[in-house]
Amino acid sequence: IPSLPLPSSMHLIQVDSVQRWMEDLKLMTDCECMCILQSKPISIEKDEQNELILSSQYSTCDNLQLLLKRAWIISTELTRIAQKLEKNRWQRVHSMTVRVNCHVRSMINEYNTFTRNSSEEMHQLNKTIVVCCIFSPSSLSFLCLSRCIQTEDEQILKSMKSCINETLTTIAQYFGQLIELVLTHEAQNLLRQIELSDSVYVTESAISSLFSLTQEGAHLCRIIAKEGGVVVLFKICRQDCFRCLYPQTLRTLASICCVEEGMHQLEKVDGILCLADILTDNTHSEATHAEAAAVIAQITSPHLTFTQHLSSFLENMEEIVTALVKLCQEASSGEVFLLASAALANITFFDTMACEILLQLNAMKILLAACSDKHIVDTPYSRDQVVTILANMSVLDQCASEIIQGNGVQLLMEMLFERSSSGNSAEVAACERVQQKSAVTLARLSRDPEVADAAVKLSCIPRLIKLCRSPTERNNSDSVLVACLAALRRLAVMSPDGLEDSDFQQLVKPRLVDSFLLCTNMEESFV
């Protein structure tokens with residue numbers, strides 16, 4: 001039977017539909033193939049044996065890393081779909097939707113593979129997300145495929161955009177709930193293993209996995225803290241049979257205590273008393289003492305806004321400070337010294353009484369001596385901690401004589417030349433802090449004529465002028481500039497003959513703010 005001729009307009013519609021179908025077909029079939037392949041076992045053996053292979057190849061930590069990576073990809077893709085939708089790039093929206101569906105199915109399959117006892121709530125969320133993404137008439141896939149009609153009607157497009165955006169929001173909410181449940185479930189499993197196991201090997205493995213989780217960010221630390229992680233880990237630190245695990249346990253505790261929930265838990269279990277006991281117990285290894293110092297450094301950080309938990313810290317402060325000074329004195333490596341000195345530096349911010357205790361313990365002499373050993377104080381980070389302690393102690397009048405006796409002015413002068421050798425941004429920032437704090441310390445100590453005289457003899461004034469006038473010398477740091485101007489003005493009072501008239505007129509005589517503005521606008525050619 002001869003075919004009837006089609007009207008030209010209908011023929012065009014038919015060709016467009018077929019072409020669009022052919023374009024979409026590859027993506028859709030690839031997606032289905034991938035999902036099916038990932039759901040199938042690799043070998044033809046029984047399921048139990050396959051499960052054994054998977055569990056032996058990948059640890060809980062590896063599986064969670066895979067899950068978090070997949071979750072990050074899905075979150076990123078959902079954001080990008082919304083961005084493409086806003087720009088009316090429907091072809092990209094459709095292809096990206098197919099890709100997101102594949103990732104969602106893969107993530108759910110992967111998690112179900114290594115989890116055998118997930119909750120009913122988790123199963124329900126899995127189903128809901130799959131339905132929202134793929135199967136229902138209001139699903140993301142269905143809405144995006146509907147765009148194939150190629151309508152140009154503004155009202156229809158607006159309505160379709162609204163539906164897709166609403167679906168994206170729903171998926172993101174359910175997806176966030178699912179990830180939260182998964183991470184909580186895994187944290188609970190690890191903490192249960194630590195709490196119930198008598199085996200050092202099993203406990204060590206669980207703590208290692210827990211530590212890896214804490215490195216994924218503050219949100220995971222909050223989850224672990226809410227599930228009682230700090231309580232469980234301090235129980236380990238109170239059992240002699242797990243002494244070999246103390247360093248690893250304390251390192252994990254330091255990570256968890258970066259969040260407020262971890263701090264509250266630490267207060268509830270008398271964690272500070274436990275840390276004081278560990279630091280003052282000479283039978284513990286240096287590694288254990290160093291990690292305990294790291295926890296102290298974390299919980300006393302001046303950057304934290306929540307410090308009410310440290311009410312019990314004052315009761316144990318003298319013991320802790322004494323132990324930390326001893327650890328600085330006996331440190332066998334730069335890393336141990338860095339952790340101990342960081343804890344001391346933070347404590348000097350926390351309470352002024354700490355500076356008086358340090359003075360009584362001859363800490364100034366110990367720290368200055370350590371700085372002369374390049375194997376111990378070997379990085380700008382260590383020097384940053386030392387000069388922080390010196391700056392905070394310099395408010396005490398008795399510090400001046402200690403500085404003179406320990407050749408401390410010479411050290412402060414050397415710190416004004418601190419420069420990064422690697423160009424790493426963190427190291428550059430540490431060098432700026434060293435320069436700033438050494439200038440602050442000089443300014444404070446130069447109220448003593450003997451210190452000011454020593455600083456002048458060591459040519460501190462020319463160096464301070466150089467830092468003020470040359471932005472590159474201070475890495476364009478305004479904080480270093482202010483500190484150097486303050487130190488220069490203090491020394492100029494004690495030794496006015498040390499400055500040329502132009503330096504005096506520009507850097508000393510005007511108001512500090514005027515000198516600051518002059519130096520910040522100064523060109524290098526003027527130096």
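Reader: How much space lies in the second largest pocket?

Author: About 300 Å³. This is a predicted model, where local features need pLDDT of at least 70, side-chain atom pairs count only at pLDDT 80 or more, and totals for chains, interfaces and linings use all residues. Residues are numbered from 1 along each chain as its sequence is written, and side-chain values use heavy atoms, without hydrogens and water.

Reader: Which residues line the second largest pocket, and which lie nearest its centre?

Author: The lining has 15 residues; H303, A342, N346, D384 and Q385 lie nearest the centre. Helix 16 (334–350), helix 19 (380–393) and helix 22 (425–445) each give two or more residues. Helix 16 gives the most, with 6.

Reader: What is the lining of the second largest pocket by class?

Author: It has 7 nonpolar, 5 polar and 3 charged residues. Ala, Val, Leu, Ile, Met, Phe, Trp, Tyr, Cys and Pro count as nonpolar, Asp, Glu, Lys and Arg as charged, and the others, Gly among them, as polar.

Reader: Why is the pair of F313 and F350 called edge-to-face?

Author: Rings of Phe, Tyr and Trp (its six-membered ring) pair if their centres lie within 6.5 Å; planes under 30 degrees apart count as stacked, over 60 as edge-to-face and the rest as tilted. Here the centres are 5.4 Å apart and the planes stand at 85°, so the pair is edge-to-face.

Reader: What distant parts of the chain does the pair link?

Author: F313 is in helix 15 (residues 313–330) and F350 in helix 16, 37 residues apart.

Technical notes:
On a 1 Å grid over the protein atoms alone, a cavity is a set of points where a 1.4 Å probe fits but cannot get out, and a pocket is an open set with protein on both sides within 12 Å along at least five of seven lines; lining residues have an atom within 4 Å of a point. Grid points are joined across faces, edges and corners, and a volume is the space filled by probe spheres set on the points. Helices (H or I, at least four residues) and strands (E, at least two) are DSSP runs, numbered from the N terminus.
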